[in-house]
Amino acid sequence: MSSGGNDNAGAAQRWRESIMQTYGTPPVELVSGSGCEVTDVEGHTYLDLLGGIAVNVLGHAHPAVTRAVSEQIATLGHVSNFYSHEPELRLAERLLTLIGAPDNGRVFFCNSGSEANEAAFKIARRTGRPGVVAASEGFHGRTMGALALTGQPTKREPFEPLPSGVEHVPFGDTAALEAAVNEETAAIVLEPVQGEAGIVIPPEGYLRSAREIADRAGALLILDEVQTGIGRTGHWFAFQREGVLPDVLTLAKGLGGGLPLGACVGIGEAAAMLNPGQHATTFGGNPVCCAAALAVLDTIESEQLLRHGAGLGEELVTMIERLGHPLVAEVRGAGMLIAVELNEKLASVVVETARQRGYLLNPVRPDAVRLAPPLVLERQQAQRFVRDLGEVLSEALAMSTGGEEGTR
Ligand SMILES: *Cc1c(COP(=O)(O)O)cnc(C)c1O
């Protein structure tokens, strides 16, 4: 199926000679996928426990997505935002209902998580206040505005100066948040669970406190659910666990069933702070991506995947903990977003060892392995993985010569 050298080494060579070196060279070329399994150019199959980084909620080639996309591209593929279309309207209405803002919410569709956060940042600027308070280690994307919100200095520093006014405070620390927010604060920007920081779950009540702190200062609460939204944590949106409603919600990864689709949702006053001409995108909310998203939402509902993901995610955490492996320091999970924290910086070694045994994982931190599997993962597949994980961890530990850095 590949056009060049039909093996992984050949693909790696071509990658190095044609793709900009912003990522590490991928170890394999994937050619097809079905459900939670993918196959590489050499015919090896893998259980995909990363799901395209929390994107493939329904796995690969789900018939509902395949059908929706095929029918839509054969009917109306792209129209620009000068014209409306049914998939976009239905998707906006559907999202607002799921969010719990059917009457006072409005959606801006875009193509990625970064773009959704750029729109949110622009809404914050429209308050007329200069400041934004975000969280240390938080991740909001790689475009300049999203990067300014991101609390990871190594990602920011090569690109300074960034848009100004953003202050970062320790995540999960209500007192620090309270101390930083004042009448100059336009918005508080948080992930409900920090994804790229290594699946960091804040103390219970943190989002409720953030909501109160924002209200007292007259600031917006912007929740970045690019990674946690669309069922990932066992709820449609992670904010629903604490019963709060943000002013702005950003979505992307799981939304489009593998197609590029992001959304910035404004609720209440924030729904009307960007005026005609103040923001736009050519591709955002195109009919094909919206049709895919509707298929995702319908399928999550009809296959009861929120409950399935919440239950299986919890089981996975328990099963991995029960391994009692000496390399495992802690297992953290929110639904199907799980991190295995290691005692040593061996995440890359663990991930490569697991890959050779047929499992795709991600070294989210040098000492933490991330699982963000499709919500359609089957219990037997999860059990098979955990059965092999013990050996994978032991092998990684044996191979280690004192630590290795992660690549992402
Ligand atoms: C992935 C991610 C982003 C960036 O999304 P892109 O589609 O890569 O631009 C933003 N915020 C969070 C929380 C993410 O996990």
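**Notebook: annotated binding-site residues and the ligand**

I started with T282, which counts as exposed at 54% relative accessibility. The cut-off for exposed is over 50%, so T282 passes. I am working on a predicted model.

I then placed T282 in the chain. T282 sits in the loop between β10 (262-267) and α10 (287-302). I listed its contacts, leaving out residues up to four places away in sequence. That gave H78, S80 and N81.

I looked up the UniProt annotation "binding site", which comes from an unreviewed entry. The record covers F139, D224, E225, V226, Q227 and T282. I checked how far these residues spread. They span 144 residues of sequence, and in space their C-alpha atoms are up to 25.2 Å apart. I also checked the second largest pocket, and its lining includes T282.

**Q227**

Is Q227 buried or exposed? I found Q227 buried, with a relative accessible area of 6%. Buried means under 20%, so Q227 qualifies. Q227 also lies in a loop, the one between β8 (220-224) and β9 (248-251).

Next I took the contacts of Q227, setting aside neighbours within four places in sequence. I noted A54, G195, E196, R232, K253, L337 and R370. For E196 I found a polar contact as well: its side chain and that of Q227 are joined at 3.0 Å.

**The ligand**

Which residues surround the ligand? I wrote down S112, G113, S114, N117, F139, H140, G141, E191, D224, V226, Q227 and K253. F139, D224, V226 and Q227 are among them, and the UniProt record also names these four residues. K253 is in this shell too, and K253 is a contact of Q227.

- For S114, I found a polar side-chain atom 2.6 Å from a ligand oxygen.
- For G113, a polar backbone atom is 2.8 Å from an oxygen atom of the ligand.
- For F139, a backbone N or O atom lies 3.3 Å from a nitrogen atom of the ligand.

Last, I looked up how much of the ligand is covered. Taken alone, the ligand exposes 380 Å², and the protein buries 83% of that.

Note on methods:
Residues numbered from 1 in each chain as written. Predicted model: local features only at pLDDT ≥ 70, side-chain atom pairs only at ≥ 80, totals over all residues. Heavy atoms only, no water. UniProt positions renumbered as here; feature names shortened; annotations may be inferred. 1 Å grid on protein atoms, 1.4 Å probe; cavity = no way out; pocket = protein on both sides within 12 Å on 5 of 7 lines; lining within 4 Å. Helix = DSSP H or I, 4+ residues; strand = E, 2+ residues; numbered from the N terminus. Buried < 20%, exposed > 50% of the residue type's maximum accessible area, 1.4 Å probe, protein only. Contact = heavy atoms within 4.5 Å. Polar contact = N/O pair within 3.5 Å; in protein donor to acceptor, adjacent residues only side chain to side chain. Near = heavy atom within 4 Å. Areas by Shrake-Rupley, 256 points an atom, 1.4 Å probe, with all protein chains shown as cover.
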